[in-house]
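Here are my notes, as promised. Have the model open while you go through them.

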Amino acid sequence: MSVFTPLARPELETFLAPYGLGRLLDFQGIAAGSENTNFFISLEQGEFVLTLVERGPVAEMPFFIELLDVLHDADLPVPYALRTTDGIALRELKGKPALLQPRLAGKHIKEANAQHCAQVGELLGHLHLATQGEKVLERKTDRGLEWMLSEGAQLISHLNETQQRLLRDALAEIDAHKADILGLPRANVHADLFRDNAMFEGTHLTGLIDFYNACSGPMLYDVAIALNDWCSDAEGVIDGHRARALLGAYAGLRAFTAKEAELWPTMLRVACVRFWLSRLIAAESFAGQDVLIHDPAEFEHRLAQRQQVTVQLPFAL
Ligand SMILES: Nc1ncnc2c1ncn2[C@@H]1O[C@H](COP(=O)(O)OP(=O)(O)OP(=O)(O)O)[C@@H](O)[C@H]1O
Ligand SMILES: N[C@@H](CCO)C(=O)O
């Protein structure tokens, strides 16, 4: 399980007291998640989630707090940092940045259908509309195109010949289209909208969590990341029915531009490279440890499959 930093009741009680939310009734480490330590916390006044940020952009916590405030104010179903009675959102526990957030209702789904995908497309559209253009909160991603090119170049020698060819072709394509991709319409993007970062009650989307990869960037990248997870079958092939549901719901709120339509097949591959590489890195660094590791081969297969995709986006202006 991925509780990197265990906590004892007394230290938790001391940490929680300044929120003024009543006595600690219960707490439980959350096994899901691979990057941060999370606990479900029951206080007299409600249910919460405590996150200790373990790695990644810890210095940029004020950005995540501000972005979640903006999205919460736009009535989107996202968590946000609760303030202590002194108005402090970002705190520290065991030397780690720590946030207390409301616990959202619902649960993750494993098998997505077209209704789930339409809800995801719609929520992504709202997220982008709330932050696009001048409203964007700037934050450069730490896993962007340059990161892919340099990490990919380093990792390639760890791969077999077929994998090397696949990655080399994809990196060459990224290098060739860098400027075009970065010139696409921008907003704040979640950049990790997988099934394990969305909560559902039935087919109703009740929450979007885990914004620690959020940044400013091309909106199309977010759509490609979501589609690769929500609309792939077991072999990595795109399911047309689910893909049309997600893309149609999104485009109902924000039509794609001609340039986005043209770059769509490339963007699907970029979004595969991003997670193939991060999963390869995690698999190497956490090998043999009791940490949730996502299978890198899943994105290798999706990338191989996306090499066959040549059609431009439907629903463009
Ligand atoms: N605000 C919330 N409301 C309800 N459940 C939550 C909330 N935040 C986190 N969780 C639960 O905790 C789990 C882990 O959270 P999260 O995905 O943020 O962790 P992570 O380590 O950053 O994961 P990832 O592997 O996706 O990077 C989620 O799958 C969800 O079940
Ligand atoms: N969603 C990511 C893990 C967290 O960034 C993956 O499935 O590889």
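The points below go from the overall layout down to single residues.

1. Ground rules. This is a predicted model, where local features need pLDDT of at least 70 and side-chain atom pairs count only at pLDDT 80 or more, while totals for chains, interfaces and linings use all residues. Residues are numbered from 1 along each chain as its sequence is written, chains are lettered from A and ligands numbered from 1 in the order in which they are written, and side-chain values use heavy atoms, with hydrogens and water left out.

2. Domains. The protein splits into domain 1 (9-102) and domain 2 (114-306), with bounds that come from an automatic or database domain assignment. Their C-alpha centres are 26 Å apart. To the contact (heavy atoms within 4.5 Å), domain 1 gives 24 residues and domain 2 gives 25 residues. Between them the two domains bury about 1900 Å², 70% of it on carbon and sulfur atoms; buried area here is the accessible area (1.4 Å probe) that two parts lose on being put together, summed over both.

3. Strand β5. Helices (H or I, at least four residues) and strands (E, at least two) are DSSP runs, numbered from the N terminus. Six of the seven residues of β5 (residues 96-102) are buried, so the strand is largely enclosed by the rest of the structure. Buried means under 20% relative accessible area, exposed means over 50%, and partly exposed is in between (1.4 Å probe, protein chains only).

4. Partners of β5. Two strands count as paired if DSSP finds at least two bridges between them. Strand β3 (residues 46-52) runs antiparallel to β5 and is joined to it by five bridges; Val-49 has Gln-101 as its bridge partner in β5. Strand β4 (residues 91-93) also pairs with β5 in the antiparallel sense, over three bridges, and Leu-93 stands opposite Lys-96 there.

5. The β4-β5 turn. This hairpin has two residues between the strands, and Lys-94 takes a positive phi near 50°. Most residues other than glycine have a negative phi, so have a look at the backbone here. At 45% relative accessibility, Lys-94 counts as partly exposed.

6. Helix α2. The 13 residues of α2 (residues 61-73) should span 18 Å at 1.5 Å a residue, and the end C-alpha atoms are 18 Å apart, which agrees; the expected span is 1.5 Å times one less than the number of residues. Buried residues in α2 include Phe-63, Phe-64, Leu-67 and Leu-71, along with Asp-69. The buried residues of this helix pack against β5, α3, β6 (186-189) and β9 (215-218).

7. Just past α2. Which residue takes a positive phi just after α2? That is Asp-75, at about 65°, and it is not a glycine. Asp-75 sits in the loop between α2 and β4. At 69% relative accessibility, Asp-75 counts as exposed.

8. Around Thr-131. Setting aside neighbours within four places in sequence, Thr-131 is in contact with Leu-67, Val-70, Leu-71, Val-136, Ala-187 and Asn-188. Arg-186 is 55 residues away along the chain, yet the C-alpha atoms of Thr-131 and Arg-186 are separated by 8.7 Å.

9. Helix α7. Asp-239 caps the N-terminal end, with a side-chain oxygen 3.0 Å from the backbone nitrogen of His-241. Arg-242, Leu-246, Leu-247 and Tyr-250 are among the buried residues of α7. The buried residues of α7 pack against α3 (114-131), α6 (219-230) and α8 (258-285).

Key:
Polar contact = N/O pair within 3.5 Å; in protein donor to acceptor, adjacent residues only side chain to side chain.
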